[in-house]
Amino acid sequence: MSYTSGLFFIFLLTLIVVYFVVPKRFQWIVLLLGSYIFYLAANPVSALFLVVTTISVFYCARWIGKEEERFSREVSANAETLTREQKKHIRNKSRRKKKLILIGALILNFGILFSLKYFNFFANSTTYLFNILSIDATIPRLDLLLPLGISFYTFQSTGYLIDVFRGKVKPDENIAKFALFVSFFPQIVQGPIGRHDELAQQLYGSHEFDYTRAKFGLQLALWGLFKKMVIADRAAILVDEVFGNFAAYEGVTIFSGVFLYCVQIYGDFSGGIDISRGMAQIMGINLRENFKQPFFATSIADFWRRWHISLSEWMRDYIFYPLSLSHSFAALGKSTRRVFGSRLGKLIPIFLAQLITFLFVGIWHGANWTFVFFGLYNGLFIILGILTEQPLNRFKGRHNISLTGIGWRVVNVLITFVLVVIARYFSRAPDLVTALRMLKRTALTFFPIDISGGIFTEMGLNEKNLQLLVVVLLVLFLVELLQERGVQLREKIAKQHVLVRWAIYFIAVFSILIFGMYGINYVATDFIYMGF
Amino acid sequence: MEKKKLINTLIRITGFLVIFVLLSYQLTLVFLPKQDQFKSAFSRNYAFYQMPKNTVDVLYLGASSFIRGINPLIIWNEYGFTGFNRSGSGQLPITIYYQMIESIEYQTPRVVVLDTVSMLSYYDLDVLEGKLRPKIDGMKMSPLKIDFIREVIAKSEKQTMFSYLYPLLRYHDRWDEITATDFKINLRKLHNDYAGYYGVFPDMKEIAIPEDFMIPQANVAELDPDSMVYFERIIRFCQEMGIDVILVTMPRDEWSYANHNAIQKFAERYNLPYLDYCLPENFVRLGIDPKVDFRDGNHLSMIGAEKVTLDLGNYLLENYHLADKRSMPEYDQWHIDYRNFMEKYANGDYSDGYE
Amino acid sequence: MEELLSILEEIRPDVDFINNERLIDDKILDSFDIISLVGELASHYDIEIGVENLVPVNFNSAAAILELVQKLQESY
C-alpha cells in the first residue's frame, strides 16, 4: 500500500482507532497484526523472508544470551579458585562460541539480502569480466523479487543481534513481540533503522491517547506529504527529462536537473520518513530522526551526519568502529605510524576503515557500479576533509578569518552543496559511462548560448508549475532554515490564535490536495465532444 | 482524558471537519471544468430533478443524434403530452442505463424512446473517461450513483471511487487554468430550459447521401455484446415496470441496411417497435432535405429536428395512451417554456438551453 | 589523571579537557577523535575497549574516560 493511497489512509485510521480502544496490554498485538497485514498486502510470498529473519535472529540472540548466562554461572561458581588468566581464558572461549553463533546468523541474513539484491549485479559484472578475459561463459541472471524493506529490516535485526552479542541489550523473550520489532510497518518501507534499546520498549509498551501528541504527529505527516507530493513529484518531471535526454541540454540545465534530483530524493525520502514518524507519533512511538537539514552541511562528513542518519550511524557503529578498533587495524596503525610518522600514520587505518564503510554505504543504495563509485567518492571527500582540516585552520588563522563566522560557514555550505550534487550524478544515472558523460557535458557546455527561451520550458512543466516549484522550494528552504536555528515549528504553531492555526492547517491540506502531483492528469481536450 | 476536555476536543474536531467539508464543496465547484460537456450534463440533470414529480410522459434516452433531434417542447405544443430528453453527446450505454433507472425515482413515464446508435460500438471506460466523467459528476449523489460508480471502477484501471466521491481529486491540477469564469459559473445552478433538447443553433450544412444508401440487403451487422448488456437491462427493467419501449434511429448518413437488420432482429426478440428514420421511405414521407435538414452527416439541424420530432410525436400519440394536457393549469409552465423557445428561435438567440 | 590528560591533549591540543564535561554531547570530539583516543588508550593501558563501551557517558569528560579505563583494567 502506498502512503499516498486512499486505501492506506483507511487502513491507518482503522488501526489507530483500534489501537487506542483495545486494553493496553493488547496494544502491541494490534501493531503486530497491522504490520503483517501491511506487509502481506504488498507481497504475501516475500513475507517468508521476513519470517526467516525474525526466527533466525530471535533464536540466535537467545542462544547467545544463554551462553552468556552459562559463562557467568561457571565463573561465579568458581570465582575463588580461578586466576585472572584462567578467567580470561574461559571468557575468550565463551566469546568465540558467541561469535560463531553471531556470524552464522549474519551470514544467513546478509546472504539472503545479498542474493536477492545483488545477485544480478554480481552475475552481470562477472560475465563482463569473463568477456574481457575471453572466457566463454555467462552467469545467468535470475528473476528475483526483492521483499519489501529487506535492506531496512535486515539491518535493524542484525543491529539488535550485534547489540546482544556486545551485551548492550538483553535478548527478547517473546518471539511475537520480536516479530513486531522486525516488521513495524511505519519503518519497514524506508526506515529509519531503529535500535532495540530505543525502540523495543516503546513498541511493546502501552500508550495513552494524547491529543496534542496526535496533533503534532498529524502535522508532521502532513508536512511529509507536502514534501513528497507537491515538491518531490513535481521536481521529478524535470529530473526525468534531464537524465533521459541530457545531450539536448546545456551544462547549467543539467546541473540544475541534478540539483532538482537532490530535491526530489530529499523531498520523497524525508517526506516518507516524516509520514512514518508522524504516524508513529500519533500512537505514542518516537522513531529516530533521519534527516537534519542536510543541505546546510558544512562538509561531506557533516552531510552524512544529517542525511539518512540512521544508516550512517548503523554503518558507524557496526562497521566503522569494529573495523577501526579491531586488532588488525590497530596493528596496521602501528606499521603505518612507523612509515608515515605519527600524525599521518595513525590516520591511515581510519581512512581505510572510512573508505570501506562508505563502500558499503554506496552499495547499500543499489546494485550498480555507479553506487560503488558514489560510496568511494563520499569516503574520499571525508578523508580529504580530515587531511585539509589543520592546513585550513592555519590558513584561516593567518588571514584572520573567523572560524565560526557566517561568511566561512556559507562558503563551506556552498562547496559541500556542489560536491553533493556532483555525487548525485552517480546515484541517478543508469550507469557509470552515462554519469561521466553527463558530467563532461556539464563542464564543457556550462553556459548556454541562448537563454531567451528560458532554460526549463518545454521540459514537462508549464510556466505556472515552474513558478510553483520555485515557490515551494523557497517554502522548504525557509522551514529548513528555521529548523536549523532550533525553532520548534509545531510548538510555535500551537501557540498561535486558533484562527491562525486553522488557517495554516487548511492551507496545508488544500495545498496538498490541489498542488499534489497525483491522479489522472487533467487534459482539457479529453472532455471535448468529438462528434459521436 | 476528563469529560470536559473530551467534549471540547470533539467539538473542535467536528468544527474542523465541517469547515473542511464546506471548503471542499466550494472548491470543487470552482475546479469543475466549465466546458460544454459539463455545462450540458449538469444543466440537463438539474432541470430534470426539478421537474414536478410524475408529470413527464415520455423519456428520450440516447446519444448526440437524439439530443439534437428530438425537441419535447414541439411535441408538447402539437400533441399535448410531455417528455424529457435525457440524452447527451457521447452518451455511453452504461450512462443511458443508469439514467433510466434514476429517472424512475423522479418520474413515471409511459414510454421510453431508445437511441440505437450506441448498440453497435464498444466503449472502453478508460479511453472514454473524458466523456463519462462529466455525466457522472453531473448526477446528484444517491445510492444508485454509488452503484454506477462501482460498476465503472470494476471495468476501469485508472479510475477510483475516491475521485468520484471527492471530485477535487480529479480536477485539482486544473489550478493553473482557473479563471474568473470558474468562480462565476455555478454548475449546480444551471437549468436547461428546453426539456433537454440541445438548443437554439443556426447550424446547417448540406450533406451528400451516398448512392447506395440503405439499399435492402441480407447482411446483419454485429451488435456489440458489452453495450447490448445495458440495453437488455433497460428493456427488462421497463418490462417489469410496465413501461413501453420503442427503438429509434435518427436520420444519419453513417447508417446501413446491415445495421437496420441487426436492430430489427433485436427488436423482434423483445417485441419492440423499431422506427428507423434512415429508411428511404421515411426520408420520402418526412420530406427529408439534405440541404437544410442537417448540421452534419450524423446530426439534424433545427429544421430537420422539427420534422422528425413531429413525426415521432404523432407516432407516439397514435400508438400509446397519452392524454392531452394542454388545458391543464398545472402544466402551464410547458406553454411558457415553449413560447420562450419559439421567441429565442425567432430572435436568433443562440444558446445551449441554459444561462 | 596526568597520564590521561597528556594523551588527550596530544590528540586534540585545542580542547580544554580539565573543565569540559560535555565532550560528546556538544560534539567537541568526533568519531575520528574517539578512534584515535581508543587506539592510544588500548595500547597505553593494555586494555580492550569494545564498541559497546563507545557510549557518550563514558567519554563526556576526562574523569569519565579515566573511570572507564580503570573499570576495564580490573575486568577480565
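Predicted model: local features only at pLDDT ≥ 70, side-chain atom pairs only at ≥ 80, totals over all residues.
Reader: How many salt bridges and polar contacts are counted between chain A and chain C?

Author: The salt-bridge count for this pair of chains is one. On the side of chain A that touches chain C, the elements giving two or more residues are H3, H4, H12, H13, H14 and H15 of chain A. H12(A) supplies the largest share, six residues. By class, this side of chain A has nine nonpolar, four polar and 10 charged residues.

Reader: What makes up the contact of chain A with chain C, and what area is buried?

Author: Chain A brings 23 residues to the contact and chain C brings 18. About 1,900 Å² is buried between the two chains, with 66% of that on carbon and sulfur atoms.

Reader: And what are the values for chain A and chain B?

Author: Here 30 residues of chain A touch 41 residues of chain B. The buried area comes to about 3,300 Å², of which 68% is on carbon and sulfur atoms. H1, H9, H19 and H21 of chain A are the elements that give two or more residues to the side of chain A facing chain B. The largest share, nine residues, belongs to H21(A). That side divides into 21 nonpolar, five polar and four charged residues.

Reader: How do you know which class Asn54(B) belongs to?

Author: Asn54(B) has 46% relative accessibility, which falls between the 20% and 50% limits, so it is partly exposed. You will find Asn54(B) in the loop between helix H2 (36–50) and strand E1 (58–61) of chain B. Asn54(B) also has a positive phi, near 55 degrees, without being a glycine.

Reader: What makes strand E4 of chain B count as largely enclosed?

Author: Five of its six residues (the strand covers 244–249) are buried, so E4(B) is largely enclosed by the rest of the structure.

Reader: How do you know that E4(B) pairs with E3 and E5 of chain B?

Author: Pairing needs at least two bridges. Strand E3 (residues 111–115) is joined to E4(B) by five bridges and runs parallel to it, so the two pair. Within that pairing, Val113(B) stands opposite Ile246(B). With strand E5 (residues 274–276), E4(B) has three bridges, again in the parallel sense, so that pairing qualifies too. There, Val248(B) has Leu275(B) as its bridge partner.

Reader: What is the peptide bond from Gly191(A) to Pro192(A) called, cis or trans?

Author: That bond is cis, with omega near 5 degrees. Pro192(A) lies in the loop between helix H7 (185–188) and helix H8 (196–204) of chain A.

Key:
Residues numbered from 1 in each chain as written. Chains lettered and ligands numbered in written order. Heavy atoms only, no water. Helix = DSSP H or I, 4+ residues; strand = E, 2+ residues; numbered from the N terminus. Buried < 20%, exposed > 50% of the residue type's maximum accessible area, 1.4 Å probe, protein only. Contact = heavy atoms within 4.5 Å. Buried area = accessible area lost by both parts, 1.4 Å probe. Salt bridge = Lys/Arg side-chain N within 4 Å of Asp/Glu carboxyl O. Nonpolar A, V, L, I, M, F, W, Y, C, P; charged D, E, K, R; others polar.
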